[in-house]
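I opened this model to look up a handful of local features. My notes follow in the order I took them.

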Amino acid sequence: MFVQLVARHLRVPGIVLLLAAGVVLGPDGFGIVRPGALGEALQTLVGFAVAIILFEGAMSLNLRRLRQQARSIRQLVTFGAAVTAVGGALAAHWILGWQWKQAILFGTLVIVTGPTVVTPLLRRMRLQRKLATVLEAEGVFGDAIGAIIAVIALEVVLSPSSEGLLHAGEALLSRFGLGVALGLVVGLVLAVLLRVGGLVPDGLQNVFVLSVVLALFQISNAVVAESGIVSAIVAGVVVGNSRTEALGELREFKEQLTTLFIGMLFVLLAADVRVEEVLSLGWPGLMTVAALMFVVRPLNVAVGTWRTGHTRNEKLFLAWLAPRGIVAAAIASLFAQELAAAGVEGGLELRALVFLVIATTVTVQGLLGAPVASFLGLRVAAASGYVILGASSLGRVLARELAAAGKDVLLIDSNPQACNAAESEGLRVLYGSALQDSVLQRARLDHREGCIAVTTNEGVNFAFARRARREYRVAKVWVAVQRGDTGVSPEMVHRMGGRVLFGAPRRLERWSQRLERGEADLRPWRPELQKGKSTASQAELVEVSDRLLPLLLLRGKKTFPFDETVALVDGDEIVGLVCDTREA
């Protein structure tokens, strides 16, 4: 975790430093981390960790966006994967001079890319959403397909040729069939249990889902070997696309576990590889990796994106970015053990080459990914649009007015009813907890012009705005503050670098109720400036009243949220809510 903390501050791929830490702390360094001491438990530990990592990665996949890019994803993980397997095998055979069996195993091992590597890289480079969806989905689904094909290839290598080839197709279908079926059933059951309030008590939901996923992985593997990865991924997609109140907290919990497991696995697996084994590959090893990066991957993308509508620059970037991750490392370690147990030579060299692929692709593509995306014009342009926290009636009216002014607006809320109401009004909404990293990443906060927090919970508003400022570098944040003796003051908002929405603390719940009851009307008005003054503080002109709530300021063709920093000039127009009903 310390290594990942350092990597985050240095803005470099964490896996690069984790691999280095594994070497330094392992038997070739200080000898503190000794994976061999775990014995057979190492593979069990790795399997469980991979299941949780892939389940969390699958939870972040949005079905609607997957359908939009379905053809590209389908071709990349099928035809593209076949090209990679064949190309990797040919490169190992021709360049390193390996026997065909060993070369074929390498080709199947490098099919996978991995969400644990791709997702953090995409998060840093602000890639266009279409390409980000393709790369994330290729990482998740490619791991499942690549892992199963690699294991089947190992079975063929260790079996009599005729018997192994005869059962290869059957093994492939059985693993995928069982994995998909079990994953669908368990995913649907989890979604129902989490949706029906009280069936899984608060406080037990996260640990309950974790236990079920581990049980699913183990049972699926027990029925048909190596089908557990598919089960975990399918269950993750189902749960991640179901609307349950516990989903936000669940995603945050799984995200934290994934961060922990990635650190643990990369240090352990890197420590299990001897440096001399990697160095013994020499220049032919580096040439094999180069062939994989600059010949095989472009051919993969050319086949995988055939007639998909991707532009030349999009295809070039897809061809550039294909770092390998934890699944490739885990399976390579498994292969080394299985081949050694069967008395077959080449397992250690195979594992060393896979780790050389991982280290090279992560380092080179990770560090140069953002510059390449910028050169090809594929990064999101300057920050634009708003993210609004809170899809209540107050948040929705603010979103409608900003959208009417031509702004791109996305709402975030963890209340299913509020999300449904927003969607019925034609607004874009993201369901989940706004304090969870995966939700903030899906909202693409680092691409936004500003963030507006308008829930009735000012503590959540403040926490969301502070994270947007500090972690995602959002230039402008507005915080709705409750009027009265509360925990968040305007001074706290100012120190954090934010602005007070509506110009002053307000009675947020009362205004939401007024909107729902139809007691507040949306009206524009032009404030009259005092004679002899061209500007004036809004505090002098807009009364802090329970019957007036200023929302937006219109100045020429510009529209932005109303706050205490506004200096009004002639021609300004304010859009706000007016309540004529006098309450007792």
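**Cysteines**

I started with Cys419: its sulfur lies 17 Å from the closest cysteine sulfur, that of Cys451, which is too far for a bond. A disulfide, for my count, is a pair of cysteine sulfur atoms within 2.5 Å. By this rule I get zero disulfides. In general, such a link is a covalent bond between the sulfur atoms of two cysteines. I then checked exposure. Buried means under 20% relative accessible area, exposed means over 50%, and partly exposed lies in between, with a 1.4 Å probe and protein chains only. Cys419 counts as buried, at 0% relative accessibility. Cys579 is buried too, with a relative accessible area of 0%.

**Ground rules**

I noted that this is a predicted model, where local features need pLDDT of at least 70 and side-chain atom pairs count only at pLDDT 80 or more, while totals for chains, interfaces and linings use all residues. Residues are numbered from 1 along each chain as its sequence is written, and side-chain values use heavy atoms, with hydrogens and water left out.

**Strand S12**

Next I took strand S12, residues 573-578. Strands (E, at least two residues) and helices (H or I, at least four) are DSSP runs, numbered from the N terminus. How many residues of S12 are buried? Five of the six are, so S12 is largely enclosed by the rest of the structure. I looked up its partners; two strands pair if DSSP finds at least two bridges between them. Strand S7 (residues 521-525) pairs with S12 in the antiparallel sense, over five bridges. There, Asp521 stands opposite Val578. Strand S9 (residues 548-555) also runs antiparallel to S12, joined by six bridges. In that pairing I found Pro550 opposite Gly576.

**Cavities**

I ran the cavity search on a 1 Å grid over the protein atoms alone: a cavity is a set of points where a 1.4 Å probe fits but cannot get out, and lining residues have an atom within 4 Å of a point. Grid points are joined across faces, edges and corners, and a volume is the space filled by probe spheres set on the points. The structure holds three cavities of 30 Å³ or more.

H5 gives the most, with four residues. I sorted the lining into six nonpolar, four polar and three charged residues. Ala, Val, Leu, Ile, Met, Phe, Trp, Tyr, Cys and Pro count as nonpolar, Asp, Glu, Lys and Arg as charged, and the others, Gly among them, as polar.

**Positive phi**

Most residues other than glycine have a negative phi. Arg307 is in the loop between H14 and helix H15 (312-320). It is exposed, with a relative accessible area of 63%.

Phe502 also has a positive phi, near 70 degrees. Its place is the loop between strand S6 (499-500) and helix H23 (508-517). Is Phe502 buried or exposed? Phe502 is buried, at a relative accessible area of 1%.

Key: On a 1 Å grid over the protein atoms alone, a cavity is a set of points where a 1.4 Å probe fits but cannot get out, and a pocket is an open set with protein on both sides within 12 Å along at least five of seven lines; lining residues have an atom within 4 Å of a point.
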